[in-house]
Amino acid sequence: MSYTTEQVIAAAPDAQVAAAGKKLADAKHWLNLGRDAEALWGECQGSAVYQVRVALADLTSKCSCPSRKFPCKHGLGLLLLAAQSPARVAEGTQPEWVASWLAKRGETAVRKATPAEKKVDAAAQAKRAATRHERVLAGLDALDRWMNDLVRNGLAELETKGPALWEREGARLVDAQAPALASRLRAIANLPGSPNWGERVLGELGRIALLTHAYRRIEQLDAPIAADVRTAIGWTLTEEEVRAHGDTVADEWLILGSAIEEDDRVRLQRTWLVGLRSNRTALVLQFAAGAASNFAEVLLPGTSIDADLTFWPSAQPQRALITARRSNRSTTELRAHATFASMLDAMATIFSAQPWLRHAGVAIENVVPMIDARGEWSVRDRDDAVLPLAGRDHWRLLALSGGAPIGIAAEWDGVALAPLGGSTA
Amino acid sequence: MNEFVRAALIGLGRDSASPQSGTPVDALVADGERERTFLLRAAARDLYLRAGLVPPKFEEPPAVAPAESLRSCSPRLTQLLADALDGDAEVVRAIGEAMTVANLHLPHRLLPDFLNTRDQAARAALAPAVGARGQWLARQNKVWSWAAVIPSVSRGIWAAGGAMHVPRATQPPDPSTHARDDMAALWEEGNLEQRVAALHAMRESDATSARAKLEAVWSKEKAEVRATLLAALSTSLSPDDETFLERALGDRSVNVKSVAENLLARLPQSAFVARMIERVAAVVQKAPAAASMWEKVKSGFGAKALKLIVEPPAAEGSGARARALAQLVAAVPLSHWTSQFDATPEQLLDAARATDWSDPLIEGWTTAVERQRDSAWAAMLLERLAKSLAPNQKLSLVRALSPEAVMQLLRGAASHQWPIVEMLEQLPAPWPLDFGADWLHCLQRAAARPPDALTLELLATIDITARALPLALHRRLLDAVAVGASRPTCSAARSRRHADLTPKYIGSAA
């Protein structure tokens with residue numbers, strides 16, 4: 001099997017399902033087990049007999065049980081069973097209920113790729129866009145006045161003011177239909193009080209000023225950077241539009257790691273991938289509403305996928321959509337920077353091409369995590385260069401390293417590295 | 001501090017010139033409006049600094065952990081240990097003892113989890129097993145100082161002899177004050193998970209001051225942080241917390257509100273519960289005065305009356321009214337229903353099932369049972385509704401069962417509609433002798449029958465049975481299993497919690 005038990009467990013929607021799945025990873029619960037190059041299948045004997053099938057290309061499962069969790073314990077159990085005792089799951093011919101599911105998936109994928117021609121009222125759409133453009137411009141005018149007031153009165157007072165200030169201004173931008181800019185502004189609320197916060201808040205405000213400046217003269221910008229400016233304001237592209245306008249790269253994509261952000265209602269997962277042939281870095285964003293739902297694509301760190309990725313148009317293409325996924329395999333290959341100097345060179349190129357990028361995924365080998373007497377974390381490379389780590393809890397990384405060099409995957413935001421995971425040699 | 005940043009912090013005031021960053025980027029921005037020019041220069045300077053960043057060098061050699069003198073765990077054992085982390089302090093203590101006897105050290109990856117153990121006995125048992133890496137880590141984190149000292153007990157005897165009794169390491173000096181300082185520091189500086197742990201611990205030692213600490217930071221935290229921290233008030237929850245919880249009930253975030261509701265519903269004397277009872281009481285008054293108890297119950301649960309008490313739903317859409325009803329019912333003490341309607345729980349259930357509101361009423365009661373730990377109601381609902389309850393509802397009910405009730409239910413007639421595994425896991429190990437014998441009998445009968453869904457479910461409990469059965473009955477367990485189609489898995493033997501966890505077992509896994 002091309003995946004490990006740990007990776008399967010990582011894909012479980014919650015601990016309960018993981019535990020239940022482990023219990024089912026025993027051949028005694030199963031009938032008619034089988035597999036071929038495409039899929040795994042079996043019938044699980046629970047309170048009823050459930051038909052469970054797994055597509056090996058993307059490890060998606062489908063089960064006839066009524067569970068709303070995805071993958072359900074039966075799907076998980078089958079994956080675990082196949083990983084732990086492959087001999088129990090013999091090669092066979094797909095039963096009809098497996099073949100028909102795979103066929104249906106194929107059709108859906110094709111249908112997604114070639115959407116039916118929708119009747120679009122181009123005139124009405126253009127009118128809506130024009131109205132929104134006007135509202136955004138008005139919102140940016142108000143924002144600029146507010147930021148001018150801030151620097152006139154001084155940023156020092158921000159340290160004692162709570163997040164309400166930023167929330168209010170963010171809400172105004174949402175009303176002005178600039179949601180991405182709104183969340184960029186709200187994120188600043190976390191900075192005051194942190195080390196060197198004056199410098200960082202000023203930098204963030206400056207980049208927002210640069211954005212409002214760019215949006216007002218968007219007609220004069222080159223198409224790729226204009227796309228970035230629109231994205232940073234909050235204009236979005238549908239998946240169809242990305243498929244139509246983005247460039248597609250077929251490659252073997254190594255999965256570096258994932259970061260998950262949660263708020264009241266939605267979980268956001270950022271997964272970083274590196275193309276082993278193209279050497280391009282890609283970011284796959286996935287959203288899940290509520291704690292029970294799971295992310296649609298299963299992307300396990302330490303594996304690679306053979307896939308087509310279509311990139312959002314940008315001066316520094318980063319965000320991508322998985323448009324075709326063929327197979328998944330475990331890999332020990334790494335595309336890591338040997339030193340911080342090499343990493344920072346690459347980052348300089350990226351950030352100068354697209355000044356509003358928030359982070360970039362990187363892997364660096366031979367680094368040692370450290371904590372100082374004040375509890376500040378940092379990481380040093382083999383040239384003894386030191387970069388700060390974001391956050392206050394990297395004990396697992398330190399436990400893994402024990403002062404010896406390890407490889408890490410991380411997000412770089414221009415100031416600090418936020419680790420996604422570590423691996424010993 | 002850099003002059004440019006200082007200017008931003010103080011404010012540009014009435015100075016006429018826009019500050020210069022002192023780098024070539026100033027030339028990129030032509031002089032325009034003073035504040036605007038300053039911000040655009042700040043943007044260019046920020047990118048300039050990011051692109052040109054040269055990290056400082058740190059010449060001092062890194063602190064390296066000494067090599068381990070103990071054996072490492074196999075990947076399989078590491079996985080088992082990771083699973084065991086969800087277990088209680090008892091399990092963690094047993095792990096520490098068994099690892100010490102087997103001369104193994106804990107896997108490095110799992111050290112932070114084990115070092116966060118708060119139970120004193122478990123800490124003492126783990127101390128020898130943290131290994132060189134664990135001691136090295138503990139010296140860098142004051143919360144883990146209990147593991148930093150090498151235990152004074154010689155381990156050689158124990159490693160060689162396969163002894164049953166493992167020595168306790170020396171207790172850290174004066175644990176109480178030590179722990180309090182640690183917790184305060186963790187609360188101030190820790191990540192969210194550590195802050196929650198610290199809040200729980202502080203609630204245990206001084207509930208009022210712990211709540212005051214939460215109140216002090218309340219308005220500064222984000223909604224999801226507020227909800228997570230508030231939930232920690234479940235430790236040492238008392239009527240003193242009511243005022244603060246009422247305040248949280250008015251929070252803007254839905255999550256915070258629902259945590260506050262959940263906690264208030266656990267305070268039977270709270271104004272919140274009184275309000276809920278009042279709304280429910282209105283239903284009964286709507287019933288005809290002279291009606292028999294049965295008619296009262298039926299009309300009390302009738303659709304019309306319920307519409308009167310359930311607030312207009314916040315979110316539109318089907319089911320919103322039902323959800324509101326379930327929440328209301330969940331907040332009312334179960335004893336209120338029996339006394340108000342003068343009916344037994346069974347009669348109430350029958351009446352509820354005859355109305356259109358059966359599902360929300362049962363859902364509400366299930367939640368109330370879990371909150372109020374009412375074993376009698378739980379057993380009644382489980383028995384009567386085994387076929388129709390959702391799995392998570394069954395689990396809520398099982399959690400409210402007393403050990404006696406669990407045994408009673410399982411003895412009567414084990415049904416595959418029940419979460420048998422969870423029910424058994426809830427019983428403290430080792431089981432009483434008589435229950436163990438009855439349960440074995442049940443397994444034996446299952447093994448002798450042609451397999452059906454229930455048999456499989458029962459045989460799946462052999463792992464748990466092997467772990468929790470009194471030692472005196474083990475011979476009979478082997479007999480029971482020998483008859484059946486299934487054999488006990490090695491993992492059952494390996495994960496045994498009890499005293500006969502010998503080095504041989506762990507050794508075979510390594």
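Which residue is the bridge partner of A:Glu262 in E6(A)? The partner is A:Arg267. Keep in mind that this is a predicted model.

Strand E5 of chain A covers residues 248–262, and strand E6 of chain A covers residues 266–275. The two run antiparallel, and nine bridges join them. Both belong to an open sheet of five strands. Read across chain A, the order is E7-E6-E5-E8-E9. The pairing in this sheet is antiparallel. Two strands form the edges: E7 (281–289) and E9 (320–330) of chain A. Each of these edge strands pairs on one side only. From one strand to the next, the twist averages 40°.

What holds such strands side by side? Strands of a sheet pair through backbone hydrogen bonds, in either a parallel or an antiparallel way.

Now turn to another sheet in chain A. An open sheet of four strands has the order E1-E2-E3-E4, again with antiparallel pairing. Its edge strands are E1 (30–35) and E4 (60–63) of chain A, and each pairs on one side only. Here the twist averages 10° from one strand to the next. Helix H3 of chain A, residues 73–84, packs on this sheet. H3 touches E1, E2, E3 (49–55) and E4 of chain A. The direction of H3 makes about 60° with that of E3(A).

E1(A) pairs with strand E2 of chain A, residues 39–45, in the antiparallel sense. Four bridges link the two.

Take A:Cys65 as a case. The nearest cysteine sulfur belongs to A:Cys63 and is 3.7 Å away. A:Cys65 is in no disulfide. A:Cys65 is also buried, because its relative accessible area is 12%, and the cut-off for buried is under 20%. B:Cys442 counts as buried too, at 10% relative accessibility.

Finally, move to chain B. How many of the eight residues of helix H7 (residues 131–138) are buried? Eight of its eight residues are, so by the under 20% cut-off H7(B) is mostly covered. Among them are B:Arg133, B:Gln135 and B:Trp136. What do these buried residues pack against? The buried residues of H7(B) pack against helix H12 (395–401) of chain A, together with helix H5 (111–115) of chain B.

Methods:
Residues numbered from 1 in each chain as written. Chains lettered and ligands numbered in written order. Predicted model: local features only at pLDDT ≥ 70, side-chain atom pairs only at ≥ 80, totals over all residues. Heavy atoms only, no water. Pairing = 2+ DSSP bridges. Axes fitted to C-alpha atoms, helices over the stretch in contact; angles between N-to-C directions. Contact = heavy atoms within 4.5 Å. Buried < 20%, exposed > 50% of the residue type's maximum accessible area, 1.4 Å probe, protein only. Disulfide = S-S within 2.5 Å.
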